[in-house]
Amino acid sequence: MTAAPVRGSDAAARGAALEVHVALQRGSFEMDARLTAAPGEVVALMGPSGAGKSTLLSVVSGLVRAARGYVRVDGADVSSARVHVPPQQRGVVLLGQQARLFPHLSARENVAFALVARSRRGARVSRALRRAEADRWLDRVGLGADAARLPEALSGGQQQRVALARALAARPRVLLLDEPFAALDPATAADVRGMLSDQVRRTGTTTVIVTHAVVDAIALADRLMLMEAGAIAQQGAPREVLTAPRTAFAATLAGVARVPGLVGGGYWRSGALTVTVPGSADGAAVLLVPSGAARIVPEQGRGAADAREERPVLWRTHVARIEATPAGARLHVSDPEADVEISAAELAAHDLAVGSPVVFALDPQLVRLAPR
């Protein structure tokens with residue numbers, strides 16, 4: 001798909017600075033989270049289900065009012081103890097998993113609706129200009145030839161493109177995306193992801209995207225924020241966060257096992273696992289075991305492992321839980337507690353069940369220590 005050139009003011013960054021502090025309680029769930037985004041910055045927000053990500057976006061958009069805290073757009077309060085600007089007046093657009101197009105309007109008319117809303121905010125746009133600008137946006141998302149089609153005649157990916165064109169045509173100061181690719185097949189999601197990255201960069205739109213896919217954070221975001229139990233647990237450049245995960249959830253995203261332990265006398269220890277770490281300072285440290293660094297070996301295969309590896313580290317433990325992953329399985333093991341990724345081939349080769357003993361051979365050249 002070739003994007004149309006950006007014209008006029010679209011070529012200049014128009015994103016707003018965003019400052020958010022949300023404090024609320026719903027039953028046993030408590031949230032106290034802070035989020036910021038610089039003008040034109042793209043922030044990815046990730047976390048386990050129930051962490052509060054969608055709630056945070058709902059507060060920013062104005063659909064939910066927090067008991068305490070604030071939402072500031074370019075330094076001006078749009079939500080606080082005394083202020084609550086209606087959603088349609090904030091210059092903030094929220095786009096979720098479903099495109100939610102008007103079924104009786106064509107793709108062109110759906111996009112033009114955003115320009116009608118913009119006219120109501122004071123920027124008067126004639127009908128002819130609305131139609132022309134809607135067509136330009138549809139060209140940008142690769143749907144110029146489908147402008148007259150109704151949503152029912154469009155695929156899911158095409159509908160999401162129209163919804164994104166409508167969102168950006170409204171010239172939001174802040175764009176909020178709540179898992180926008182979740183309802184799309186992988187190929188369509190990849191296509192829409194590339195288009196989204198191109199358009200938010202071209203328009204300089206400040207963007208916060210909630211996602212469960214690491215590829216979204218890597219491909220789209222300047223900064224990755226991890227939210228757990230209603231609070232921000234870690235943030236930084238995506239590569240930074242994924243190479244030095246500070247929590248078990250972050251480690252899962254990065255595809256590594258994160259095992260807390262202690263270093264003493266040149267050894268790192270935790271439960272039944274001991275690894276030689278010459279030159280490391282004594283004290284608390286986390287062993288990071290990337291995917292592929294631990295492979296299952298039979299108990300009687302120790303000699304074979306010794307022959308194949310310079311300094312094998314054998315880790316005898318038990319399976320506490322097994323979870324399927326796209327590439328195989330995640331074994332939750334005890335003594336010490338950790339999540340170890342294994343391949344589909346390994347899963348098929350070993351008869352594993354909850355409670356089964358398992359022996360891993362660790363490649364000491366692939367594991368590394370990180371501050372606890």
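Predicted model: local features only at pLDDT ≥ 70, side-chain atom pairs only at ≥ 80, totals over all residues.
In H1, the buried residues are Lys53, Thr55, Leu56, Leu57, Ser58, Val59, Val60 and Ser61. That makes 8 of the 9 residues of this helix (residues 53-61), so H1 is largely enclosed by the rest of the structure.

Now for the rings. There are 2 aromatic pairs in the structure, and here's how they line up:

| Pair | Centre to centre | Angle between planes | Arrangement |
|---|---|---|---|
| Phenylalanine 102 and phenylalanine 113 | 4.8 Å | 65° | edge-to-face |
| Tryptophan 315 and phenylalanine 360 | 5.4 Å | 45° | tilted |

Where do tryptophan 315 and phenylalanine 360 lie? Tryptophan 315 is in strand S16 (residues 313-325) and phenylalanine 360 is in strand S19 (residues 357-362), so this pair ties together parts that are 45 residues apart in sequence.

As for the phenylalanine pair, phenylalanine 102 sits in the loop between strand S6 (92-95) and helix H2 (107-120), while phenylalanine 113 belongs to helix H2, 11 residues apart. Phenylalanine 102 counts as partly exposed, with a relative accessibility of 29%, and so does phenylalanine 113, at 33%.

Rings can also meet arginines here. The charged end of arginine 72 is found over the ring of tyrosine 70, 3.8 Å from its centre. Likewise, tryptophan 137 has arginine 140 over its face, at 4.0 Å from the ring centre.

Note on methods. Residues numbered from 1 in each chain as written. Heavy atoms only, no water. Buried < 20%, exposed > 50% of the residue type's maximum accessible area, 1.4 Å probe, protein only. Helix = DSSP H or I, 4+ residues; strand = E, 2+ residues; numbered from the N terminus. Phe/Tyr/Trp six-rings, centres within 6.5 Å; stacked < 30°, edge-to-face > 60°. Lys NZ or Arg CZ within 6 Å of the ring centre and 35° of its normal.
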